[in-house]
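Good morning, and thank you for the time on the agenda. I would like to take the group through one protein chain, beginning with a single residue and ending with the chain as a whole.

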Amino acid sequence: MRIHDGSLVFSATDLVNFLGCRHATYLDRRNLDEPMAVTQDDPMLVLLQQKGIEHERRYLQLLNAEGRGVVEIPGEGAVSHRVARTREAMTAGADVIYQGALLDGRWHGYADFLVRVNEPSALGAYRYEPVDTKLAHTAKPKHALQLYVYAKLLENVQGVMPHQMHVVLGDKDKLPATIRTSEVQYYFRMVLERFEAFVDHMPKSSNADPCNHCDQCRWRDRCEAEWESADHLSFVAQITRSQRRKLEAAGVATMAALATLDSRAKIGNIQVEALKRLVSQANLQVGKRTDGQNRFELLGTEAGRGFGRLPAPNAGDLFFDMEGDPLFDGGLEYLFGFLQRADGGEVFTPFWGHDREGEKQAFERAMDYIVARLTKYPEAYVYHYAQYEESALKRLAMIHGTREDQVDSLLRGEKLVDLYQVVREAIRVSEPGYSIKNLETFYMSARVGEVKSAATSVVVYEQWRQFGEARMLQEICDYNEADCRSTLLLRDWLLSLRPSSTPWFLGTSEEAPDPDKVAKRQEAERRAINTRDRLLIAPTSAHPYRELVGQLLEFHRREAKPAWWFMFKRQELAEDELVDDAECIGGVRRDPTTAVQSVKRSTVHTFTFPPQDFKLRVGDRPLRSATLEPAGEIVLLNEEAGKIALKIGPKATPLEDAFSLIPGGPIDTGVLREAVYRFAEAVIAGSGQYSAIESILR
């Protein structure tokens with residue numbers, strides 16, 4: 001948003017900001033009349049900007065290498081001059097225009113690239129389409145919105161709207177994402193009208209509300225200062241935006257007011273237990289704000305939850321933390337760190353990998369290290385904080401097709417202990433958040449060193465990739481070791497709080513496997529190895545194609561694993577978490593006003609459930625979350641009334657009066673897997689039976 005020749009003009013960024021947060025648009029407009037201090041870009045945002053420029057430059061080099069005639073519009077000078085230069089290049093029919101400037105009435109923009117296509121327009125037998133470069137790995141709505149603004153501006157020059165718009169993504173292996181203008185123009189036209197109407201009739205005042213746009217907003221510091229001054233509800237740890245709105249609608253607008261609220265009050269449709277938690281959380285935080293003293297309280301938990309998730313300490317216990325670089329092409333898990341106690345001290349063991357092959361090798365060494373440790377100490381466990389480490393191990397096993405059985409064994413034996421789960425279910429603390437950095441105030445002195453956050457570690461790692469200074473890697477290593485030590489000390493602190501009557505977590509001792517299942521699995525593994533080996537008995541030039549066929553052999557088995565993992569993870573979730581999970585229906589209760597009905601040999605049971613988002617539909621066959629037993633078929637589902645009817649057969653376990661519903665496991669893909677093997681055998685035989693598939697894969 002800027003003043004040009006005495007008039008207010010807008011950019012695509014203004015439109016994206018408006019959809020992200022109207023208060024940001026309000027401040028942008030006000031800033032033109034009363035300049036205000038803006039938030040300085042943090043190092044991570046600066047790094048992202050640099051990466052974006054590098055990505056853009058790489059694409060420019062690619063276009064030049066292809067022999068395209070690229071006209072670059074200088075970035076200096078008046079807007080009108082840059083617009084004129086761009087129109088001259090379009091009139092001359094340049095193949096590509098880099099950093100083209102466009103202006104029409106109230107809108108202007110600088111497109112990364114304008115690419116000529118052979119379709120008629122007012123310019124002649126050609127027209128231009130906008131192309132933007134983005135670091136993201138998938139095209140997002142905001143990318144399409146930005147391109148649409150450029151397309152509208154192009155229409156003014158060439159007389160016709162571009163048929164297509166393109167996003168060159170950060171994943172170099174992906175082709176540009178193409179968006180048909182006709183598929184988005186009606187919605188985006190409405191967005192433009194809403195934006196202009198808002199700016200033309202700007203409200204006299206506006207209140208900030210925390211949202212997803214805050215992290216990238218230049219007004220972040222200003223808003224945070226206002227929230228702190230107003231004692232905003234967003235400072236209450238783990239409160240949701242929906243809960244804030246319901247509390248504010250009921251006249252509870254500050255953390256102090258929430259702290260004094262009768263927890264038995266009826267606030268919208270906030271569940272009773274959720275409201276009690278919020279009131280208690282606010283009380284703890286207000287107390288610390290008053291006298292500076294840390295506070296915590298122990299929660300009453302069910303068997304197997306909270307402190308019940310803690311195993312007895314063992315000399316072989318490992319404390320695990322990982323570092324990743326999301327800016328590396330496709331993301332990179334470059335450091336696996338482990339801390340253990342030994343000989344009265346601590347031993348830290350890091351495994352590094354700085355490229356895709358290095359990542360694979362580091363993952364393999366890390367998994368071998370865990371397996372060796374647990375073999376030596378069968379009663380030991382691997383501790384981490386939050387889901388990142390477990391999710392990363394699962395993902396790496398599938399991506400690299402290695403150590404899958406070892407990861408499965410860890411999960412089946414429940415050897416990975418997530419201390420965040422213990423904290424969340426066992427205690428409530430006076431901190432404004434539940435990150436491990438927040439909790440350190442209870443058991444650890446303030447950290448020292450240059451790297452003190454995950455975002456900073458990414459910045460330093462990227463700097464190391466550029467400059468190669470050993471001290472930078474050492475700073476990251478020290479940070480990772482501190483995270484591992486923090487995990488150890490957190491475990492010890494939780495043990496000191498654990499009620500002595502709480503049973504120790506014993507994990508899942510793997511039962512003697514079914515001989516038939518073992519034999520089938522071993523036969524499947526032998527078959528896969530044998531087929532892969534035979535695929536690669538071919539000239540070296542054919543190996544990439546045949547390797548791809550070999551990787552497809554077990555695709556369906558790998559693809560099914562996340563569904564199984566999610567199913568078992570949901571078995572551990574509390575009811576309120578299942579209510580928040582859009583894949584589930586949490587808090588199902590038997591409806592006492594509706595009798596059980598008989599349908600042939602089956603029975604239909606009616607239940608109620610609280611308001612929530614869900615994806616289950618009539619005809620689905622969900623499971624009961626606690627037991628993973630079938631819950632029957634959904635035959636009625638009324639979201640507005642909060643009612644669901646389940647039809648269950650005579651041999652099924654009777655339905656309880658209270659439970660939650662989760663999706664079932666993945667579908668049986670046996671037929672599909674056999675089809676892939678059938679194709680692989682045809683490739684090996686050279687029969688040419690599936691020539692179309694061969695052409696695609698080649």
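Ser280 is buried, because its relative accessible area is 12%; buried means under 20% relative accessible area, exposed means over 50%, and partly exposed lies in between, with a 1.4 Å probe and protein chains only. Ser280 sits in helix α10, which covers residues 272–291. Helices here are DSSP runs of H or I with at least four residues, strands are runs of E with at least two, and both are numbered from the N terminus. Setting aside neighbours within four places in sequence, Ser280 is in contact with Glu297 and Arg428, where contact means heavy atoms within 4.5 Å. Thr260 is 20 residues away from Ser280 along the chain, and the C-alpha atoms of the two are separated by 9.4 Å.

A word on the source before I continue. This is a predicted model, in which local features need pLDDT of at least 70 and side-chain atom pairs count only at pLDDT 80 or more, while totals for chains, interfaces and linings use all residues. Residues are numbered from 1 along each chain as its sequence is written, and side-chain values use heavy atoms, with hydrogens and water left out.

Let me turn to the nonpolar interior. In soluble globular proteins, nonpolar side chains tend to be buried together. A nonpolar core is a set of buried Ala, Val, Leu, Ile, Met, Phe, Trp, Tyr and Cys residues joined through side-chain atoms within 4.5 Å. The largest such core in this model has 40 residues, and the members that touch the most others are Leu15, Ile97, Trp107, Leu114, Tyr128 and Phe195. At least two residues of this core come from each of α1 (12–20), α4 (79–92), β4 (96–104), β5 (107–117), α5 (141–158), β7 (164–168), β8 (177–180) and α6 (181–200). Which helix gives the largest share of this core? That is α5, with ten residues.

Ile97 shows the packing in detail. Not counting residues up to four places away in sequence, Ile97 touches Val71, Ile73, Thr86, Ala89, Met90, Asp112, Phe113, Leu114 and Tyr128. Apart from this core lies another, of 31 residues, including Ala237, Leu310, Ile436 and Cys477.

Helix α5 also holds Leu147, which counts as buried because its relative accessibility is 0%. Beyond its neighbours within four places in sequence, Leu147 is in contact with Pro130, Val131, Asp132, Met165, His166, Val167 and Ile179. Arg527 is 380 residues from Leu147 along the chain, and their C-alpha atoms are 49 Å apart.

Two further buried residues deserve mention. His4 is in strand β1, residues 2–4, and counts as buried at 16% relative accessibility. Leaving aside neighbours within four places in sequence, the contacts of His4 are Val9, Val79, Ser80 and Leu103. Leu628 is in the loop between β19 (623–624) and β20 (633–638), and at 17% relative accessibility Leu628 is also counted as buried. With residues up to four places away excluded, Leu628 touches Met567, Phe568, Gln571, Leu623 and Ile662.

Next, the backbone. Most residues other than glycine have a negative phi. Gln238 is not a glycine, yet has a positive phi of about 65°; Gln238 lies in the loop between α7 (220–230) and α8 (241–249) and is partly exposed at 34% relative accessibility. Ala386, likewise not a glycine, has a positive phi of about 75°. Ala386 belongs to the loop between β13 (382–384) and α12 (388–400), and its relative accessible area of 25% makes it partly exposed.

Finally, the whole chain. The protein chain contains 23 helices and 22 strands. Its radius of gyration is 29 Å, close to the 26 Å that the globule rule gives for 698 residues, so the chain is as compact as a globular protein of that length; the radius is taken over C-alpha atoms, and the rule is 2.2 Å times the number of residues to the power 0.38. Along its principal axes the C-alpha trace spans about 80 × 75 × 70 Å. Buried residues make up 46% of the 698 residues. Of the contacts with a separation of 6 or more, 66% join residues 24 or more positions apart.
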